[in-house]
There are 4 protein chains.
Amino acid sequence: MKNLTLTSIDAADGSGARRERSRVNVDGVIIGESPVVIAGPCGVESEAQTMTAAVAVKQAGAQLLRGGAFKPRTSPYAFQGLGLQGLKILAKAKVETGLPVVTEVIDPRDVNWVAEYVDMLQVGARNMQNFTLLKALGRIKKPVLLKRGMYSTIEEWLNCAEYILSEGNPHVVLCERGIRTFETYTRNTLDLSAVAAAKELTHLPVIVDPTHGTGRPSLIAPMSAAAVAAGADGVIIEVHPEPEKALSDGDQALTPNQFFTFMQRFQAVTQALAQSGPKPSVL
Amino acid sequence: MKNLTLTSIDAADGSGARRERSRVNVDGVIIGESPVVIAGPCGVESEAQTMTAAVAVKQAGAQLLRGGAFKPRTSPYAFQGLGLQGLKILAKAKVETGLPVVTEVIDPRDVNWVAEYVDMLQVGARNMQNFTLLKALGRIKKPVLLKRGMYSTIEEWLNCAEYILSEGNPHVVLCERGIRTFETYTRNTLDLSAVAAAKELTHLPVIVDPTHGTGRPSLIAPMSAAAVAAGADGVIIEVHPEPEKALSDGDQALTPNQFFTFMQRFQAVTQALAQSGPKPSVL
Amino acid sequence: MKNLTLTSIDAADGSGARRERSRVNVDGVIIGESPVVIAGPCGVESEAQTMTAAVAVKQAGAQLLRGGAFKPRTSPYAFQGLGLQGLKILAKAKVETGLPVVTEVIDPRDVNWVAEYVDMLQVGARNMQNFTLLKALGRIKKPVLLKRGMYSTIEEWLNCAEYILSEGNPHVVLCERGIRTFETYTRNTLDLSAVAAAKELTHLPVIVDPTHGTGRPSLIAPMSAAAVAAGADGVIIEVHPEPEKALSDGDQALTPNQFFTFMQRFQAVTQALAQSGPKPSVL
Amino acid sequence: MKNLTLTSIDAADGSGARRERSRVNVDGVIIGESPVVIAGPCGVESEAQTMTAAVAVKQAGAQLLRGGAFKPRTSPYAFQGLGLQGLKILAKAKVETGLPVVTEVIDPRDVNWVAEYVDMLQVGARNMQNFTLLKALGRIKKPVLLKRGMYSTIEEWLNCAEYILSEGNPHVVLCERGIRTFETYTRNTLDLSAVAAAKELTHLPVIVDPTHGTGRPSLIAPMSAAAVAAGADGVIIEVHPEPEKALSDGDQALTPNQFFTFMQRFQAVTQALAQSGPKPSVL
C-alpha cells in the first residue's frame, strides 16, 4: 500500500527485500515472538476489583495486565473511569503481581503524564483516527497498542500506525477488535483476515481482542485459537471478578475461573501450533 | 434461536439435553469428524481443465472434488457454465480419481436430475434464501452444502438449513464464505465467529470457504488454519490449472503447486490441533 | 457501467447520444411520468382483509394495488402466503376497484401462470439474483418490478435488469427498498442516492419502497417526499386494515386513515416539485 | 432513546409535551428556519483559492462559508491544512463577503483560540466520538456543527450531541454525511432516514452533506432536494475554483459555475416545498 513507508514489510530501498519483523518490549514482555496474553478488567472500578482480577490473571498465566482508567463511553452520563486514581491502582497491581500494565488514553494532553504510570498506552477503536492523539503518542518512547476502528479499512488502520512511527516511536502493536457489520449475534464481526493481511503488509506485531470482537464469552476460546492460527501474536481478554456487577461491558467478560480454563486451552493450542512448523503465511 | 426446531443442538424435549453432532456421508467421505478438504475449479470449463485439476487435488490429498456446471453470474453476458456437459465431465473426473463430487444447483427444476450425476448439491450464497430451491433440496436424499449468503445473518442462515431439514433431508453441511462489508482489501470478510456460533447453536457440520471469503491466494493458508482452530469441519478451496485463464474467479484460485504446499501445511495444523485436546468450544 | 447494454441510458451506437426514458404501462397506469403510488397489504391474508385495504387505497388515490400471494419468509414455519387462492382474491379486488395488481413471484415455474392473474410481477429483494427467475420473467410480456437486494450494489441491481431485458422483456421498473447496514433504528438504510444513480445510468423508471426501507410508519411520509425529490417515479407503500393483526410485517404498515393522510401530503409535495421546474438531475 | 435528556424533543417533565425546535444563530444566520446553504472549499489552500471560492458562493446565494484549516487525513504525509494561517484567510474572507465562517477543529487544545477566529466549529466524522473534543466544545458559546461518524448509529450520534449540551453549550447543529456500507458507486451511503429520525427524536436542527455523502458532483443536486424534502434544515456543499487541482477531495467539489446552477435549482425546490404546506413529518 502506498504511503506505508515505515510500517511496510518491504524494505525502503525498493529492492524487494523484506524488513525483519518487529518485536515490541513491554517492560520485559516481548510481543512478536510466541503469543502473549493480555488480561484484566474493562475498567478499573476499585482497588479490590482490580487486585482480584490482576492476581487471578497472573495465576492463570497472563503476561500483561489491562485496565481502563479513562473510558470512552457512548453516553456522557455513563461511568467515565477513575482517571488518576485508576492509574495509581494499576501501578499498585503491577507491584503486587509483576505484570506490566496496559491502559487506554483518550486525550493528547494526557499522553506524557499517563506514560509515567503505565507500560503500554492503548488507542481505542473510537480514537483510531484521532490524529492529534496519534502524533502525541509518536513523541513518547513507551509502546502503543493501536486498536483498529470498528469502521476502518485495513489501509486506514496501517496508516494510523504510520502516524505514530513517523513521529519517532517505533514501538507499535496492532490490535484487531472486530468491525461493525449487519450481524447482530456477535457484538462485532471479528476480522481475522485483517490479521493475516496486516502480517503480510507490515513488520508490526498484531494481536486480537476476541472479547469486543465477539461480545460473547462462549466464543472467546475458539476465536483466540483461530487468531493464533491466523498468525496473531497474542490476544487481549477482559476478565472481571464479578462480570454481572461490572460498570462497563460486564456481559462479555470472563470470570477468573473461566479465564483459568481458557488459558489451559489457549496454551495447549499455541504449543501445538508452534510445533506444527512455521506460522501459516503467504504461499 | 426460536424456530430452529430440527437443526438446534438442543434436544426437542426441552430437557436441556443436547443432540449428538451430525455426520454427513458424501459417498463414503464423512464430514463432521476430522477436517475434510473439498477442492477443484470454480467452473467446469473443459474436460482437460477439470481432469487436470481433479488429479492434482486428489494427489495433494483432497477428499472431495468441487466444480460448477451452473454458474450464477452478475452479468447475463458472462460464462454461465456448461450445464449437462459439465456434469458429465465431473462424473468422469470422479471415475478417474475416486473423489465424490460437489456441484452447485440454481434452479429447483434441476435438483432431481442433477442429483443423479453428483454426490453433494451446493446452494450458493446468492441463492441461500431461494426458498423454492431449498424445499426441492429437502425432498431428495443427497447431501446439501448450504453457503451462507453474503448479506445474511447467522439466524437467517440456520433458518435456511431448517427449510431443508423440515422437508425431510437431514444431510446438510453449512458453509461460511464471507460476508459483504466496507472492507475492500479482502473480497469479503470471512466471519469465523459465525462458524463457532453455528457449532454452538446447531448439530450440523460447518465448513469454510477461504477462497471466496478472502479473494486472495496469500490468505487461504492462514485462514484455513484459523477456520479449523475455530471449530470448522473442513474447507473448500478453488484450484485451477491456469488461474490466469479461468473463465470465472481466476485471480483467487490456487495453482496445483500452491495447493500441494497448502495441503502440507493444512494437514500439519489439523493434526497438531487434534492432538492438543478437545476442539475449542463453549466454556 | 460495462455490460449494461440494453438498460443503459447511453445509446448503443457509442455516439454519446442518450436513449429516451422508458415508460412502463401497467394495464393503463404509466410508470415513468408523474409519480405513482402502489399500495396494499404485505400479504393477502383473506378476502375481507384484501378488499378492505384495496378499497381504502383506491379511495385515498393510489393507482396500483399490491399484495403478496407467495411470501418468502425467513422461517419455514411462518405464513407462506395463500398461493392460487391469494391470486384469485387479488383478481377480485381489481374487479372491485379497477386498480391493476402487482404481486411477487418466487419460483420460475410459477411465472407463466401467475402472469395470467396479475398485471405486474415483482421480484423480491431476496430473489434479486435468482437468475433462473429473472430469465423466466424475461420471456413474458407483463411488466416486472425488480427490487434491489438488501446486499446488492447498484451495479449488480442494474445487471439483474439487464438479465430480464436481454431475454426480451423491456417492461422493467426498478425499486430501491433499503440496504442492510449496521444501523438498527431503521429496519434497513434507504439508499436514495441509488435512485438518483439509477436514473443517471439507465433509462428505466425507478420507484422507492419506504415501508421496508425504514420499517417505521413515522418515516414513510418524509422519505416518500425525499424519494420524489431525488427523482423517483413513485413509491410502494404497505397498508393493512389492522396492522397489529397482520401475519407479516404488521408493525411497519400504515392504517387506511394514516394512508389517507399520507396521500394528501404526498400529492401536495409531488405537485409542488413538478411546478418547481425540471426534475433534479446531473449538472 | 434513553440518556437523551437535553437533546430530546420530549420535555424533561415526562408529561409527553414536546420541546420547541432549536434555532441556532451563527453570527446572524439562523439554522432551523428555512433551509440554509453552507459552501466553500474542502481545505483552505491559499488566500487566492479561498477568496475566489468565497466570493463565488456568496454571489450564488450561500449564507455561510466553510473551509478547513486543520485537515484530518488518512496518511500522515498528506496535506494537513494551513492551521493558523488558514484561519486568518477565513477571517479575511468573512470581511470580504460578510459570510460567517465554519471550520473544523480536531484537537481539544485548539477549541478556545480557534473559536476567536470563526463563527461555528465543526466536529468531523472521524472525531464524532472524540469525547474530550466534545467536552471542550461544550464549554464554549460558539455554535457547533456535529457530523455523524461514518460508522455511527443514530443513537450514538445523538449521544455525542448530548455530550456537548451537557457541558453547557446548547448551540448544536447535526450533520448527516453518509455512512460506510458495501456500496462503491457512491463514496458513502447518504442516510436521509437518519435526518427524519433525528428530527423526530431531538429538537436540534439537522443539515446534510451531499458532497461527502455521495462523492459525485452529479448527485449533489438531487440529494440536496431530497434532503430538504426529508426535513433537513440545510446543506453543506464543497466548492473549489479548480477542483482538479484541489489538495483534498477535489473530485467531488463543484466548480463555481456548477454551484451557481445548483443554487438556482435548490432555491426553486425549497420554495416549492415551503409552499406545499408543513414539512413532512410523523403521521
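Biologist: How do the residues of the lining of the largest cavity divide into nonpolar, polar and charged?

Modeller: Bearing in mind that this is a predicted model, the lining of the largest cavity divides into four nonpolar, four polar and four charged residues.

Biologist: Which residues line the largest cavity?

Modeller: The lining is made up of R180(A), T181(A), F182(A), R180(B), T181(B), F182(B), R180(C), T181(C), F182(C), R180(D), T181(D) and F182(D).

Biologist: And what volume does the largest cavity have?

Modeller: Its volume is about 120 Å³, and the structure holds five cavities of 30 Å³ or more.

Biologist: Switching to chain B and chain A, what area is buried between them?

Modeller: About 3800 Å² is buried between chain B and chain A, with carbon and sulfur atoms giving 69% of that area, and 50 residues of chain B are in contact with 50 residues of chain A.

Biologist: How many salt bridges are found across that interface?

Modeller: The rule finds two salt bridges between chain B and chain A, one of which joins E183(B) to R148(A), where the closest N and O atoms are 2.8 Å apart. Across this interface there are also 10 residue pairs in polar contact.

Biologist: What rotation superposes chain C on chain D?

Modeller: A rotation of 180 degrees, with 0.0 Å of shift along its axis, superposes chain C on chain D with an RMSD of 0.0 Å, so the two copies are related as by a two-fold rotation axis.

Biologist: Which C-alpha of chain C is nearest the axis?

Modeller: That is the C-alpha of A226(C), 2.0 Å from the axis. The same surface serves both copies, as 100% of the contact residues of chain C recur in chain D.

Conventions
Residues numbered from 1 in each chain as written. Chains lettered and ligands numbered in written order. Predicted model: local features only at pLDDT ≥ 70, side-chain atom pairs only at ≥ 80, totals over all residues. Heavy atoms only, no water. Least-squares fit on C-alpha atoms with pLDDT ≥ 70 in both. Contact = heavy atoms within 4.5 Å. 1 Å grid on protein atoms, 1.4 Å probe; cavity = no way out; pocket = protein on both sides within 12 Å on 5 of 7 lines; lining within 4 Å. Points joined across faces, edges and corners; volume = space filled by probe spheres on them. Nonpolar A, V, L, I, M, F, W, Y, C, P; charged D, E, K, R; others polar. Buried area = accessible area lost by both parts, 1.4 Å probe. Salt bridge = Lys/Arg side-chain N within 4 Å of Asp/Glu carboxyl O. Polar contact = N/O pair within 3.5 Å; in protein donor to acceptor, adjacent residues only side chain to side chain.
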